[in-house]
Amino acid sequence: GQYAICDGMIVYKDSNSKELKLVKEGYDPEVISNGAVISFAVAGNQILYLQEDYTLHSVSISTRVDEVIAHNVNSFFFNGELWIQNNTDIYVRSLDGNTLDPLVCEEECRRILGVFSDYLIFDGSTTIYVYNMVEQYCVPLADEYVFVGASDNGMILVYNLNMGIYQLTQL
């Protein structure tokens, strides 16, 4: 199952109840979610988790205070900022802020594929798009490419449908 080790504690999703639990050595596991969880991420002193009712929460590791961040969330990513997909829109929020800022892009998002240091990759309505966060523009990948993965140094791995090979491409 999904787990993370942070500050001498283990945070994990219980495979039976799907609840998020935190355990310190020598202590019993403590439930820290408000219900069944789809996914989670540790971000500093906070644990971000998406419940099965598509509500995104943040719980403080030190105080156990739980805050609802957003409703109707399909998925989220954290890379120093919190990236949230809500239906076909993408929003960004810093962990210490309360404002969800929309991503300015003409394309609808079907699914966020990855968030990296300077760019976000998402499956749009017609193809895969790369959003440059620094210069704030969106470009499509060619239709013959299937996105496989990416790195923070601007390299993406794609499968070329026409040639039947994997290729590394610089963004």
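Strands β6 (residues 46-51) and β7 (residues 56-60) run antiparallel and are joined by five bridges. Within this pairing, L50 has L56 of β7 as its bridge partner. The model is predicted.

The two strands belong to an open sheet of four strands. The strand order is β5-β6-β7-β8, and the pairing is antiparallel. The edges are formed by β5 (37-43) and β8 (66-70), each of which pairs on one side only. On average, neighbouring strands of the sheet are turned by 25 degrees against each other, direction ignored. In general, the strands of a sheet pair through backbone hydrogen bonds, in either a parallel or an antiparallel manner.

Q85 counts as buried because its relative accessibility is 1%, and the cut-off for burial is under 20%.

The side chain of Q85 makes polar contacts with backbone oxygens. The side chain reaches the backbone oxygen of N87 at 2.9 Å. A polar atom of the Q85 side chain also lies 3.1 Å from the backbone oxygen of R110.

The surroundings of Q85 were then examined with neighbours within four places in sequence left aside. On this basis, Q85 is in contact with N72, V73, N74 and S75, among others. The contacts of Q85 also include C109, R110, R111 and I112.

Terms used:
Residues numbered from 1 in each chain as written. Predicted model: local features only at pLDDT ≥ 70, side-chain atom pairs only at ≥ 80, totals over all residues. Heavy atoms only, no water. Pairing = 2+ DSSP bridges. Axes fitted to C-alpha atoms, helices over the stretch in contact; angles between N-to-C directions. Buried < 20%, exposed > 50% of the residue type's maximum accessible area, 1.4 Å probe, protein only. Polar contact = N/O pair within 3.5 Å; in protein donor to acceptor, adjacent residues only side chain to side chain. Contact = heavy atoms within 4.5 Å.
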